[in-house]
Amino acid sequence: MQTNIKKIVNLDDLAAGHNKRRIIQQAIFNELCKILDPGKPSFTPKKGKASVVMFVGLQGSGKTTTCTKYAYYHQKKGWRPALVCADTFRAGAFDQLKQNATKAKIPFYGSYTESDPVKIAVDGVERFKKENCDLIIVDTSGRHKQEAALFEEMRQVSEATKPDLVIFVMDSSIGQAAFDQAQAFKQSVSVGAVIVTKMDGHAKGGGALSAVAATKSPVIFIGTGEHMDEFEVFDVKPFVSRLLGMGDWSGFMDKIHEVVPMDQQPELLQKLSEGNFTLRIMYEQFQNILKMGPISQVFSMLPGFSAELMPKGREKESSAKIKRYMTMMDSMTDEELDSTNPKLMNESRMMRIARGSGRHVREVSEMLEEYKRLAKVWSKMKGLKIPKKGEMSALSRNMNAQHMSKVLPPQMLKQIGGMGGLQNLMKQMGSTKDMMGMFGGGDK
């Protein structure tokens, strides 16, 4: 057991009295990052050259929605994607894909009469290759359980369409079962990448570690909600931070203390913990954010926040967008700014705001969509105990060995020496208090 622990943490450093919290935090953080990096990048489609990407996964994993999100993401980046529904098992699968594709203005193919998924897949791929689509996405049937028929069907579709990439879609809440399921898919088809869905909850996604270990394929995207744009490129470090319940709260709070006027801080932190997000709060935070520097950097510190509002390299353009939003909000009434009821903003109000700010109604609608997205994230902070400056570790004091054992993937927990090894590790540190608070204020 002692040897297992030494594989991850240098006990000589602990004995020498070096910063225990930092050593443990960094060791586990680095180990998890290593597990999530299989050492090889996944296939990346190229513009102008037809690529076929096949999606596989269990029913209920969000596979069909994820197909459309993947297509929509690449469409925004300049690809010409198309969707093929080869799921003939689930009633309503084609209708769902058709509805999503139509909304996102993406070409699609499927059949209400043909029952052979291989034929549909082949016909769809051939059709879109002729139409010069450069990203052809094939959605396959899912099942409630790992049935032999599913894997045989997947193998046949894969052989017939010869995909450049097979993506395994996995529900983030699946937990410890992820390894066996991901491995079963990998044994049937050549899984080359993983997408983790339903990452809009708290500290979920531990199964992603197991899925990567089983498939030896990288996670490439995570789904963070129902909407088309709630889809993020996977970034290992923020993901591991979120997984361990860290976030980069210390960095975020330092920014808050740095740029928010002292007299506004208690009120803002109170609003954060209440979880109520109004347009007025959004306006005030836009004011502060413009002082904070790159919003992508600020938002990446928080679990659940997307950097879509200000992508790297486009800060100037995005700052202009924020200023436009603020101009629109200047044309709102106090009732509109302070309401938490999204239904209040009807068409006539939106037209009035557009006229008053010299913008299009479409832009007002876009601003309100951004508000809804931020309000959703803000609501997750409800009940959060916000510490005072210098007390960041208080955020993570509820972390204990039991919590850690649930977060760590089985193979890593085994490497530490199981639950007993984890507790022994705490003893080596000198106190369980250090272990419980170790993720609160470590180096970024």
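Visitor: In which helix is Y70 found?
Guide: The model is predicted, so local features need pLDDT of at least 70, side-chain atom pairs count only at pLDDT 80 or more, and totals for chains, interfaces and linings use all residues. Residues are numbered from 1 along each chain as its sequence is written, and side-chain values use heavy atoms, with hydrogens and water left out. Helices (H or I, at least four residues) and strands (E, at least two) are DSSP runs, numbered from the N terminus. Y70 is found among residues 63-76, in helix 4.

Visitor: How many helices and strands does the chain have?
Guide: Y70 sits in one of these helices, helix 4. The secondary structure of the chain comes to 22 helices and eight strands.

Visitor: Is Y70 buried or exposed?
Guide: Buried means under 20% relative accessible area, exposed over 50%, and partly exposed in between (1.4 Å probe, protein chains only). Y70 has 2% relative accessibility. Therefore Y70 counts as buried.

Visitor: How many residues apart along the chain are Y70 and I195?
Guide: Y70 is in contact (heavy atoms within 4.5 Å) with residues including P45, F55, L135 and I195, leaving aside neighbours within four places in sequence. The C-alpha atoms of Y70 and I195 are separated by 9.7 Å. Along the chain, their separation in residues is 125.

Visitor: What percentage of contacts join residues at least 24 apart?
Guide: The count takes contacts in the chain between residues at least 6 apart in sequence. Of these, the share that joins residues at least 24 apart is 75%.

Visitor: Which side chain makes a polar contact with the side chain of D87?
Guide: D87 is found in the loop between strand 2 (81-86) and helix 5 (93-103). At 5% relative accessibility, D87 counts as buried. A polar contact is a pair of N or O atoms within 3.5 Å; within protein, one must be able to donate a hydrogen and the other to accept it, and residues adjacent in sequence count only if both atoms are side-chain atoms. The D87 side chain makes one at 3.1 Å, and its partner is S141.

Visitor: Which side chain is joined to that of D171 by a polar contact?
Guide: D171 lies in strand 5 (residues 165-171). With 16% relative accessibility, D171 counts as buried. Not counting residues up to four places away in sequence, D171 touches G60, S61, T197 and K198. The polar contact spans 3.3 Å and joins D171 to K198.

Visitor: Are helix 6 and helix 7 parallel or perpendicular to each other?
Guide: Two packed helices are described by the angle between their axes and the distance between the axes. Axes are lines fitted to C-alpha atoms, for helices over the stretch in contact, and angles run from 0 to 180 degrees between N-to-C directions. Helix 6 (residues 117-130) and helix 7 pack at about 25°, with axes 9 Å apart. Angles under 35 degrees count as roughly parallel, over 145 as roughly antiparallel, 65 to 115 as roughly perpendicular and the rest as oblique, so helix 6 and helix 7 are roughly parallel.

Visitor: How are helix 7 and helix 8 oriented to each other?
Guide: The axes of helix 7 (residues 148-161) and helix 8 (residues 178-188) come within 9 Å. They cross at roughly 40°. Helix 7 and helix 8 are therefore oblique.

Visitor: Is the crossing of helix 8 and helix 9 left-handed or right-handed?
Guide: The axes of helix 8 and helix 9 (residues 206-215) come within 8 Å and cross at roughly 35°. A crossing is left-handed if the near helix is turned anticlockwise from the far one by less than a right angle, and right-handed if clockwise. The crossing of helix 8 and helix 9 is right-handed.

Visitor: Which residues in helix 8 meet helix 7?
Guide: Helix 7 brings L150, F151, M154 and R155 to the contact. From helix 8 come A184, F185 and S188.

Visitor: What is the phi of K162?
Guide: K162 lies in the loop between helix 7 and strand 5. With a relative accessible area of 64%, K162 is exposed. K162 is not a glycine, yet its phi is positive, at about 45°.

Visitor: Where is K216 found?
Guide: K216 is exposed, with a relative accessible area of 56%. Its phi is near 55°, a positive value in a residue other than glycine. K216 is found in the loop between helix 9 and strand 7 (219-223).
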